[in-house]
Amino acid sequence: MAYQPKSYRKFLATSVAAAMVATVATPAAFAEQKQFSDLTESHWAYENIMYLVEKGAMQGDLGKDTVRPNDNINRAEAAVIIAKTLDLDVDLDVTTDAFRDVPATHWANPYIAAVQAQKPGVLNGYNGMYRPGDTITRQEMASITYNAYKEELELVEGVEIPFTDTENLTWGKEFIEVLYSNGIIAGATNKTFNPTGNVTRAQAAAFVHRTEVEDEREPRDVIVDPIDEELAVESVSAINARTLEVKFNQAVDTQVAKLEVVKSTIKQNVSNTTWASDNQSVTIELSSKLTQGEYTVNVTGVSEETLTKSVDVENEKVDSIEILSDVAVVDNTNNPTTATVAYQVKNQYGEDITKTTTLTTNDVNNVEASPATGVVTLKNFNTGTKVGDKLPVTLVHAESAKSATKVVTLSAASAVTDVAVTGIYNKDGKALNEDSNLTTDAFYLLVDVKDQYGNPITGATAAAAGLIKSETNPTVISAAGTGNAVTLTELTIDGKKQLGLRLNAPGTGLKAGESQLTLISTTSGKNATYKINVAETTRTDVVNLSAPALAVANEDILVPVSVLDKEGKEVTDLKVLNDAQKGVKVTFGASSVSNPFVKAADGNVYIKVSSSNEGVLPLVAQSSTFKVATSTIKVEKAAVPTTIRGLKNPLALATTNTKTITVADLVIEDQYGRDMKSADVSAYLSANNKGILIEKANPSATVVTLPSTLADQTIKHNAGVTVTAGSANGSETLRFLLADADGTNSIAASTAEATVRVTDGTEYASYELVSIGKVQAADIQSAGPKSFTVNGVLNGSKVALVQGADFTASISGGKTTGVATVANGEITVEADRLNTNTDREQIDTEFTLRVTINATGEVIEQKFIVSPADKKVADFFFTSAAPTSNYDLAKGITEATVESGSTVADLETTDSTPLVVNVATVDQYGNKDVRAISADTVTIVPERVADVTITHNGTANAEVALRSGVTESTVTFKVTIGGATKDIKVKVTQ
């Protein structure tokens with residue numbers, strides 16, 4: 001049975017409706033879907049959402065049973081809802097140029113145009129921009145609603161406005177007050193409206209329901225809508241003697257969250273709170289130590305109800321006692337009277353509580369433990385006690401029954417007794433921050449160590465043997481050494497020897513934060529503490545999306561985007577934007593996008609996405625501060641050859657000569673009026689059994705001839721059609737049509753014409769010698785002769801001339817001995833003709849080709865270099881084309897996949913039916929080739945270091961494998977072949 005509201009009042013709040021839907025469908029389509037897996041009757045906004053579903057103003061995801069009550073909606077979708085709910089006349093062929101970031105091709109432009117024309121003043125922009133991809137804010141929602149229905153709304157007198165964050169608004173305050181006084185809108189908290197906050201679909205539904213149905217409006221004392229009913233506290237635990245850690249099931253809005261800790265109805269004093277970078281956990285440090293009993297944490301401001309969770313805590317207790325050395329240092333070598341050795345006491349949290357713990361010893365008269373210094377003193381030695389004697393030491397904590405026993409050796413040898421940390425050192429003077437690469441760029445704590453005699457200890461091994469370390473937060477940064485042990489490095493700084501304690505990043509990578517390191521002498525108990533601060537670098541905060549100029553299936557879609565950091569400065573560094581923690585997470589459709597940010601040829605930053613299917617897909621971008629921007633992108637059908645414009649260059653032939661016309665010779669456009677690459681056209685022809693038919697406009701003309709059958713007159717994806725010139729001067733028109741591969745079923749709408757000129761050579765306006773380029777000596781690597789071309793130029797077209805018949809040629813340069821000839825349009829220069837250096841090694845040598853045109857006597861000369869160097873790849877690109885394929889028709893690719901435990905030779909394309917990845921190469925002599933990958937070196941750069949293991953990196957056999965438990969990760973292969981290095985993004989799978 002359909003849901004029925006209590007009563008009706010025809011009154012639609014436009015702006016909130018904007019936050020309700022992602023696409024537009026007919027009411028009938030809405031009515032068919034009444035159940036959603038993510039919306040139960042117990043949901044606080046169930047009736048609000050179902051009311052809008054019944055009215056056709058909200059729908060679920062097409063093909064799914066979800067309505068996404070906690071998702072936001074952007075301003076482009078708002079315009080659509082405004083136009084639809086106000087029943088405006090929307091003509092999809094009518095657009096507006098009111099906003100420069102909403103071009104005529106933008107899917108929402110007709111709806112914006114309708115609102116602008118029929119309800120002026122409702123939609124407002126920002127300095128000429130509409131910001132269609134921005135999520136609509138609560139302030140904007142109030143403004144749009146008021147402007148759309150201001151004649152039907154008025155301020156209800158006598159209602160106190162509780163919001164403290166709307167007092168100083170430069171605009172919108174009056175709209176908020178009118179809507180609140182009518183019981184239509186609610187606050188983010190009891191005291192704040194949060195004007196710049198986003199609007200969820202559930203909140204939007206509640207807003208509209210209250211506007212439409214007066215009986216559904218809230219009493220004035222109920223002013224807070226739930227932000228997310230599923231937010232919950234997962235756990236509360238004591239992590240040290242003063243600190244509780246609270247974990248949530250999802251990110252929390254830390255700006256509005258309020259925390260309190262209660263024990264036995266008494267509110268505890270909190271000295272500090274620290275939220276994790278993902279906002280899903282917080283540590284609460286109390287002013288005093290935790291004592292036995294139940295502690296309850298209450299969280300308000302983030303949901304309609306107070307979130308609460310408790311934990312039972314024990315009193316602090318001794319968990320372990322350790323005597324830190326086997327050696328006790330004596331006060332006098334010849335006649336010792338005392339000796340000392342350090343000890344340490346830890347509580348159940350692993351914290352050092354030596355100074356607050358009193359211990360008893362095995363001999364209270366002769367063995368004394370001092371909490372203040374953490375040192376055991378052995379005294380009142382018997383006559384004859386000497387260095388080398390062994391004495392027992394036992395320390396006992398009676399209350400916990402914990403103890404430690406060790407036999408120590410009296411020693412006069414130099415031992416660490418004093419330690420100091422003087423600062424952080426980096427050889428380049430860099431500051432330590434979360435972007436620092438501690439693997440390649442070393443940072444050290446500088447450590448000064450002295451023995452009991454006041455002498456510096458400069459040996460790393462000796463100094464480290466007398467120290468242990470304690471770290472408060474090794475998840476931020478850690479010091480070299482296993483466990484509590486210390487590993488020191490001997491450094492030379494400004495000519496002076498110093499000891500350094502190298503800093504290391506944790507396994508999950510370096511992150512912003514602070515850790516306190518304490519170094520403790522194992523003999524004297526003296527210690528030094530140093531706070532290591534890893535500074536935070538640029539993080540993304542606000543994302544603004546715009547519509548792409550055109551989105552086409554199977555192509556890269558470049559979405560214009562601007563990203564601001566926390567200070568409002570634009571972020572354009574791709575490393576930051578694509579960073580997993582500091583950057584922006586992007587999903588397109590149902591899939592997350594790896595490294596989505598790119599810089600295009602215009603220098604601007606874009607989000608690059610793609611889809612193999614046409615349709616309307618949502619793009620969601622979430623900054624590091626959990627701010628979300630959304631945009632709906634309409635992906636058009638994949639590009640196909642639609643219109644032939646003609647030949648790329650005018651065509652002329654010498655009498656009786658031939659020309660083979662291929663796909664690469666034609667200008668072909670897709671259905672969007674864009675020139676298509678030859679490789680894309682060839683791929684389409686191959687996949688669809690199509691071709692390009694060439695026919696003569698006048699079949700009886702004899703200026704040129706074509707093959708006799710339609711099939712032979714049709715250009716295939718990998719073969720051309722030969723046009724043969726007649727024996728007399730003249731011109732003829734050829735037609736080009738898209739057709740089946742056998743020449744039948746041609747598409748007349750695709751017809752293009754081109755004129756072919758046939759000449760006997762007496763009409764050329766000028767002549768040219770095409771650039772020869774660098775030439776390899778003919779007998780090096782069996783290079784063979786190098787061809788060259790002399791053209792006659794006629795009306796913009798070029799005709800290749802024949803040596804002997806049309807011109808003569810000679811060659812000069814290099815040594816006077818050795819082979820250097822020119823015949824049949826080919827240059828042959830062997831290595832023995834090259835000049836040599838002082839070591840009698842053949843070197844690059846300049847030669848000159850001299851061409852004389854027979855008809856005019858004109859002389860053309862060109863200098864060129866002949867080299868003895870072996871062929872070496874000068875440039876290449878990755879391709880799925882098979883080896884020996886036509887280089888000019890090979891299509892480049894930028895992404896690939898590989899199974900765990902594989903090398904670059906195992907790369908495959910990301911197609912549903914994967915192909916082997918090869919390379920299309922060109923060497924320094926211009927020779928082109930498509931071949932299997934044979935890399936000189938491969939460097940693999942992981943997106944997440946913790947996901948993969950890499951072996952043999954920087955060699956040709958570099959291999960990447962997933963770590964245990966990881967099912968997929970993304971890396972970049974930096975492949976060097978010859979003199980070129982190219983990157984390809986690779987998804988590593990099981």
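**View 1. Glu-536 is partly exposed, at 45% relative accessibility.** Here, buried means under 20% relative accessible area, exposed over 50%, and partly exposed in between (1.4 Å probe, protein chains only). The model is predicted: local features need pLDDT of at least 70, side-chain atom pairs count only at pLDDT 80 or more, and totals for chains, interfaces and linings use all residues. Residues are numbered from 1 along each chain as its sequence is written, and side-chain values use heavy atoms, without hydrogens or water. The side chain of Glu-536 meets that of Lys-566 in a salt bridge (3.4 Å, N to O). Glu-536 sits in the loop between strand S24 (527–534) and strand S25 (540–545). Lys-566 sits in the loop between strand S26 (557–565) and helix H10 (574–577). The two residues are 30 residues apart, and their pair links distant parts of the chain. A salt bridge is a side-chain nitrogen of Lys or Arg within 4 Å of a carboxyl oxygen of Asp or Glu. Helices (H or I, at least four residues) and strands (E, at least two) are DSSP runs, numbered from the N terminus.

**View 2. A salt bridge joins Asp-680 and Lys-891.** Their side chains meet at 3.0 Å, N to O. Asp-680 belongs to helix H11 (residues 678–688), while Lys-891 is in the loop between strand S53 (873–879) and strand S54 (895–899), so the pair ties together parts that are 211 residues apart in sequence. Asp-680 has a relative accessible area of 23%, so this residue is partly exposed. Lys-891 is also partly exposed, because its relative accessible area is 43%.

**View 3. Asp-875 and Lys-982 form a salt bridge between two strands.** The side chains meet at 2.6 Å, N to O. Asp-875 is in strand S53, and Lys-982 is in strand S61 (residues 980–989). The pair links distant parts of the chain, 107 residues apart. Asp-875 is partly exposed at 36% relative accessibility. Lys-982 is partly exposed at 28%.

**View 4. Helix H5 is largely enclosed by the rest of the structure.** Why? Because 7 of its 10 residues are buried. They are Asn-109, Pro-110, Tyr-111, Ile-112, Ala-113, Ala-114 and Val-115.

**View 5. Helix H7 (residues 173–181) is mostly covered.** Of its 9 residues, 7 are buried. Phe-175, Ile-176, Glu-177 and Val-178 are among them. Leu-179, Tyr-180 and Ser-181 are also buried. Gly-183 follows H7 and has a positive phi, near 75°.

**View 6. Four strands make an open sheet.** The order is S4-S3-S7-S8, and the pairing is antiparallel. Strand S4 (266–267) and strand S8 (307–313) are the edge strands, each pairing on one side only. Two strands pair if DSSP finds at least two bridges between them. Strand S3 (residues 258–263) runs antiparallel to S4, joined by 2 bridges. Val-262 faces Lys-267 in S4.

**View 7. Strand S41 (residues 730–740) pairs with S37 and with S42.** S41 is largely enclosed by the rest of the structure, because 8 of its 11 residues are buried. With strand S37 (residues 690–696), S41 pairs in the antiparallel sense over 7 bridges. There, Leu-693 has Leu-737 in S41 as its bridge partner. With strand S42 (residues 747–759), S41 pairs in the antiparallel sense over 8 bridges. Gly-730 stands opposite Val-758 in S42. S41 and S42 form a hairpin with 6 residues between the strands. In this hairpin, Gly-743 takes a positive phi near 90°.

**View 8. Strand S51 (residues 845–853) pairs with S48 and with S52.** Strand S48 (residues 807–813) and S51 run antiparallel and are joined by 7 bridges. Gly-813 stands opposite Phe-847 in S51. Strand S52 (residues 859–867) also pairs with S51 in the antiparallel sense, over 8 bridges. Glu-846 has Ile-865 in S52 as its bridge partner. The hairpin of S51 and S52 has 5 residues between the strands. In its turn, Gly-857 has a positive phi of about 80°.
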